[in-house]
Amino acid sequence: MELDSVMLSRMLTSMTLAFHIIFATIGVGVPIMISIAEFIGIKRNDPYYLLLARRWARGFTITVAVGVVTGTAIGLQLSLLWPSFMEVAGQVIALPLFMETFAFFFEAIFLGIYLYTWDRFKNRMTHWLLTIPVMIGSSASALFITTVNSFMNTPQGFDLEGGKAVNIDPIAAMFNPATPSKVFHVLTTSYMTAATVLAAIAAFAIIRGKRSEYERKALRLTMICTFIFSILTAVAGDVSAKFLAEVQPEKLAAAEWHFETEEGADLILFGTLDENNEIKYEIRLPKFLSFLAGNSFDTKVIGLNEFPEDERPPLWVHYMFDLMVSIGFFVLAVSGIYILLDKIKRFNQLNKPLLWMIVASGPLAMLAIEFGWIYAEVGRQPWILRGYMKVSEAATTGDGVGLTFILFALLYLVLGVICVFVLIRMFKNTPAEAELEQRFPNL
């Protein structure tokens, strides 16, 4: 592998996206969990849920701060590392990039008001209403930035003449064919992952011996939300697969090692691929790829052999797709088992094996986000702007990318360590039991 400017630019952008997506996912998903907890707390006059909302909100502000830094880095790197791409597409995607920034400031303003107005209103529902613009801002931010990624997959809203974008329609560019399925998938997976991470934290606290009502209610709420959002994520995945089969068949074919166009195509899970593209040691589900592509076991699925070799995605994305889907179903199963045991009172839903599976679900769900984005980005290769510009044509030819990579790696390491340290100290120094006693002395 040659570390030229193209490869180094890809490595730096990949590292930034991989780090940023952690905080972006939390930033989109946690506000809805805060809102749900506070709403239940107000309606039931339950101090445990109110405290959940307070503590989640405090932790959320730390992740937002780190997300601002990494989000800014992505904006800088678009211009510095991919100048040819921005020269062609910059004007076309300027509107969603601006709107994403606007959505973030909209969210930040109301988040600040929310944080500093606890117990300031006679009607507590007034304070809860402030969570709505925070949720709107965070989800809108995800929507606008996802339209940019969608545009890179299914570009429209401009004509290319002499290497310049003309006849630009920014609204058409934003609402391109990939936008509905991608936005739906990004939002549902963010909600699911945030709920799963919070559930993992609650489960770990219970394993360590903290079995008060606070931890029990935190786990119950987050697991119910995890189950609901997991179902929505599965629906979003199904929608995305059908979109790919119709509009980006090469990406779906690469994910499933599907080479020949045929009806009744099998779904391939894991396995290995030799130099002759022969699949071994796989789990094969007969005709399920056709069903996934078109709700019929006889749907014709286009194979990779229909595309020129230099326009086929790397075949290793198959593993990214399989891992993403496998983790999604694991989280769905674990949350479903917990809810079932919670309903059937003669079973113990707080048994250690299940709690450890819940703990594992948190980091696994975040890994699924990473695997999904790797599949989304690498599955578009070799294009940076599908059908118009390849990655090799878009990268900077300047020097210094290697040094920049090292500096950003150090920055992300420092940010990650500080974030974890601050979050641990923040909650270790003020345990839930002490805060409950302080805020609700008559409990």
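## Helices α12 and α13

Helix α12 (residues 317–343) and helix α13 (residues 352–378) have axes that come within 8 Å and cross at roughly 150 degrees. Axes here are lines fitted to C-alpha atoms, for helices over the stretch in contact, with angles from 0 to 180 degrees between N-to-C directions. Helices (H or I, at least four residues) and strands (E, at least two) are DSSP runs, numbered from the N terminus. The two helices are therefore roughly antiparallel. Angles under 35 degrees count as roughly parallel, over 145 as roughly antiparallel, 65 to 115 as roughly perpendicular, and the rest as oblique.

The crossing of α12 and α13 is left-handed. Left-handed means that the near helix is turned anticlockwise from the far one by less than a right angle; clockwise gives right-handed. The contact of α12 with α13 has 23 nonpolar residues, two polar and no charged ones. Ala, Val, Leu, Ile, Met, Phe, Trp, Tyr, Cys and Pro count as nonpolar; Asp, Glu, Lys and Arg count as charged; the others, Gly among them, count as polar.

## Basis of the model

This is a predicted model, in which local features need pLDDT of at least 70, side-chain atom pairs count only at pLDDT 80 or more, and totals for chains, interfaces and linings use all residues. Residues are numbered from 1 along each chain as its sequence is written, and side-chain values use heavy atoms, with hydrogens and water left out.

Helix α1 (residues 5–44) meets α13 with axes that come within 10 Å and cross at roughly 125 degrees. That angle makes α1 oblique to α13. The crossing is right-handed. From α1, the contact (heavy atoms within 4.5 Å) draws on Ala-18, Ile-21, Ile-22, Thr-25 and Ile-26. From α13 come Met-366, Ile-369, Glu-370 and Trp-373. By class, the contact of α1 with α13 has seven nonpolar residues, one polar and one charged.

The axes of α1 and α6 come within 8 Å and cross at roughly 160 degrees. These two helices are therefore roughly antiparallel. Their crossing is left-handed. On the α1 side stand Gly-27, Val-28, Pro-31, Ile-32, Ser-35 and Glu-38. On the α6 side stand Thr-131, Val-134, Met-135, Ser-138, Ser-139 and Ala-142. The contact of α1 with α6 divides into six nonpolar, five polar and one charged residues.

Helix α6 (residues 131–153) has 23 residues. From first C-alpha to last it reaches 33 Å, close to the 33 Å expected at 1.5 Å a residue. The expected span is 1.5 Å times one less than the number of residues. The helix is mostly covered, with 19 of its 23 residues buried. Buried means under 20% relative accessible area, exposed over 50%, and partly exposed in between (1.4 Å probe, protein chains only).

Helix α15 (residues 401–428) has 28 residues. Its reach is 40 Å, close to the expected 40 Å. Its buried residues are Val-401, Phe-408, Tyr-412, Leu-415, Gly-416 and Cys-419. The cover over these buried residues includes α1 and α2 (47–81).

## Backbone geometry in the loops

A cis peptide bond joins Gln-381 and Pro-382, with omega about 10 degrees. Pro-382 lies in the loop between α13 and β9 (383–385).

Asp-119 is not a glycine, yet has a positive phi of about 65 degrees. Its loop runs between α4 (94–115) and α5 (124–129). Asp-119 is exposed, at 62% relative accessible area. Phe-270, also not a glycine, has a positive phi of about 55 degrees. Phe-270 lies in the loop between β4 (267–269) and β5 (272–273). At 29% relative accessibility, Phe-270 is partly exposed.

Ile-384 sits in strand β9. At 6% relative accessibility, Ile-384 is buried. Ile-384 and Trp-82 are 302 residues apart in sequence, but 9.5 Å apart C-alpha to C-alpha. Beyond neighbours within four places in sequence, Ile-384 contacts Trp-82, Phe-85, Met-152, Met-389, Lys-390, Val-391 and Ala-394.

Phe-307 lies in the loop between β8 (300–301) and α12. Phe-307 is buried, with a relative accessible area of 19%. Phe-307 and Pro-249 are 58 residues apart along the chain, and their C-alpha atoms are separated by 9.6 Å. Not counting residues up to four places away in sequence, Phe-307 touches Pro-249, Glu-250, Ile-302 and Arg-312.
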